[in-house]
Amino acid sequence: LSGYQQVWDIDTDAWSQTEQDRVHNYVAAGGSLYLTGEWGCCSVDSSTIALINSLVPGQTVAHAGSQAPNSWTIASDAPFGLATSPNAVTYLQTASAGALSGVPPGHVVAGTSGASVFSAWDSSDVQGGGRIAVVMDVNWLAEQYRGANWGDLLKNIAAFL
């Protein structure tokens, strides 16, 4: 993984421990990571949750279950410029939003601290100086589930990472 500046993973299957260790070591060496999750209920999220909890000292995120609605506001003062740089984005469209609990307010991009559907941690938070962005249950390939601003939102995530 060392040849990449950032790794993007669409969480459709739980990773093996060997795969998790490899990604953990990459981020702990300063790499950046984009993760997705499912409904916040399933074993498929185990990799996402394990990586966050192992890479962010003092952080304990967990499943927060399925959340409604499927469109979430992104405030203009969302952390790390994720709402403004390089594009102004005001919402996130999900398929059937799952969420993470235990995400501190300064790391919630969309959702609440009790149920975050879009979370981020920057280099001052992550062991080794990497960055992590997590968006729960977005189907970027199906137009009806990704919202009209999907391209701008992805560019903001890439710029952050």
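The model is predicted, so local features need pLDDT of at least 70, side-chain atom pairs count only at pLDDT 80 or more, and totals for chains, interfaces and linings use all residues. Residues are numbered from 1 along each chain as its sequence is written, and side-chain values use heavy atoms, with hydrogens and water left out.

**Stop 1: helix α4**

Select residues 150-160, helix α4. Helices here are DSSP runs of H or I, at least four residues, and strands are runs of E, at least two, numbered from the N terminus. Color Leu153, Leu154, Asn156, Ile157 and Phe160, the buried residues of α4. Buried means under 20% relative accessible area (1.4 Å probe, protein chains only). They cover an arc of only 155° around the axis, which puts them on the same side of α4. That arc is taken from the directions from the helix axis to the C-beta atoms. Now show what covers them, including β1 (6-9), β5 (91-93) and β8 (116-121).

**Stop 2: the core**

Select Ile74, Leu92, Phe118 and Ile157. Of the 23 residues in the largest nonpolar core, these touch the most other members. Such a core is a set of buried Ala, Val, Leu, Ile, Met, Phe, Trp, Tyr and Cys residues joined through side-chain atoms within 4.5 Å. β7, β8, β9 and α4 each supply at least two of its residues.

**Stop 3: His107**

Go to the loop between β6 (98-101) and β7 (108-111) and select His107. Is His107 buried or exposed? At 13% relative accessibility, His107 counts as buried. Find the backbone oxygen of Ala120, 2.9 Å from a polar atom of the His107 side chain.

How values were computed: Buried < 20%, exposed > 50% of the residue type's maximum accessible area, 1.4 Å probe, protein only. Contact = heavy atoms within 4.5 Å. Polar contact = N/O pair within 3.5 Å; in protein donor to acceptor, adjacent residues only side chain to side chain.
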